[in-house]
Amino acid sequence: VYRSRQKNDLVLMQFGHNDAAENKPERYTNVTAYKEYLRLYVLQTREKGAIPILLTPVNRNYPWKDGKLSNVHGEYPQAVRDVAKELNVQLIDLTELSVAAFTAKGQDYVTDHYFMNLPAGKYAAYPEGLKDNTHFQPEGATAVAQLVFQGLQDLKASTAVGRK
């Protein structure tokens with residue numbers, strides 16, 4: 001990715017799912033190291049004349065309480081916000097956007113239509129079905145892409161307002 005970046009490329013960076021997995025030491029990264037990696041990616045992007053945009057992690061389909069979804073990534077979304085502020089990097093708060101959007105649709109809907117929770121016998125690739133509240137079906141991927149697109153539109157609008 002570093003070698004292929006060009007001047008004025010937009011580079012969207014979103015990490016956190018694997019980094020926060022303390023029970024999987026082969027991919028876990030503590031918050032201090034996570035922030036260092038984010039800083040490195042931002043600086044390398046700017047080194048190439050490209051434009052970094054940080055995104056907080058998209059939420060998983062848990063934890064739900066009283067019909068509302070909550071942040072599942074602990075300190076990692078705030079770490080992204082901190083680095084964005086520290087390095088003056090544009091930010092799309094995908095954690096908050098996805099929590100709000102998924103909550104608005106409701107737990108049953110997003111479980112069945114957005115995430116890879118598949119019934120047994122429906123898909124040849126998953127004859128036993130699948131229960132996955134991290135990865136998306138096409139409808140969920142499209143919904144998240146729309147959140148990111150709207151976030152980019154909002155950044156563009158706020159940048160234009162800031163130039164006046």
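Visitor: Let's start with arginine 39: which residues does it touch, not counting those up to four places away in sequence?

Guide: A contact means heavy atoms within 4.5 Å. With that cut-off, arginine 39 touches Val83, Glu86 and Leu87, once residues up to four places away in sequence are set aside. Before going on, note that this is a predicted model: local features need pLDDT of at least 70, side-chain atom pairs count only at pLDDT 80 or more, and totals for chains, interfaces and linings use all residues. Residues are numbered from 1 along each chain as its sequence is written, and side-chain values use heavy atoms, with hydrogens and water left out.

Visitor: Which side chain makes a polar contact with that of arginine 39?

Guide: The rule is a pair of N or O atoms within 3.5 Å; within protein, one must be able to donate a hydrogen and the other to accept it, and residues adjacent in sequence count only if both atoms are side-chain atoms. Here the partner is the side chain of glutamate 86, at 2.8 Å.

Visitor: And where does arginine 39 sit, and is it buried or exposed?

Guide: Buried means under 20% relative accessible area, exposed over 50%, and partly exposed in between (1.4 Å probe, protein chains only). Arginine 39 comes out at 18%, so it counts as buried. It lies in helix H1. Helices (H or I, at least four residues) and strands (E, at least two) are DSSP runs, numbered from the N terminus.

Visitor: Val83 and Leu87 came up as contacts of arginine 39. Which residues of H2 are buried?

Guide: A handy general idea first: an α-helix has 3.6 residues a turn, so residues three or four places apart point the same way. In H2 the buried set is Tyr76, Pro77, Ala79, Val80, Val83, Ala84 and Leu87. Looking down the axis of H2, these fall within an arc of 160°, so they line one face of the helix. The arc is that of the directions from the helix axis to the C-beta atoms. As for partners, the buried residues of H2 pack against H1, E2, E5 and H3.

Visitor: How does the length of H2 check out against the expected span?

Guide: The expected span is 1.5 Å times one less than the number of residues. Helix H2 (residues 76-87) has 12 residues and reaches 17 Å from first C-alpha to last, close to the expected 16 Å. Asparagine 88 follows H2 with a positive phi, near 55°.

Visitor: What about H3, which of its residues are buried?

Guide: Leu94, Thr95, Ser98, Val99 and Phe102. Down the axis of H3 they fall within an arc of 130°, so they too line one face of their helix. Just after H3, glycine 106 takes a positive phi of about 100°.

Visitor: Now the sheet. In what order do the strands run?

Guide: Strands pair if DSSP finds at least two bridges between them. Three strands form an open sheet, ordered E1-E2-E5, with parallel pairing. E1 (10-14) and E5 (90-92) stand at the edges with a single partner strand each, so one side of each has no neighbour in the sheet. The twist averages 30° from one strand to the next, where axes are lines fitted to C-alpha atoms, for helices over the stretch in contact, and angles run from 0 to 180 degrees between N-to-C directions.

Visitor: How many bridges link E1 and E2?

Guide: Five, in the parallel sense, with E2 covering residues 51-55. Leucine 12 stands opposite isoleucine 53 in E2. Helix H1 (residues 31-47) packs on the sheet, touching E1 and E2, and its direction makes about 155° with that of E2. Four of the five residues of E2 are buried.

Visitor: Which loop holds asparagine 18, and what does its side chain meet?

Guide: Asparagine 18 is in the loop between E1 and H1, and a polar contact of 2.8 Å joins its side chain to that of arginine 27. Asparagine 18 is partly exposed, at 39% relative accessible area. Threonine 29 is also placed in the loop between E1 and H1, but at 13% it counts as buried.
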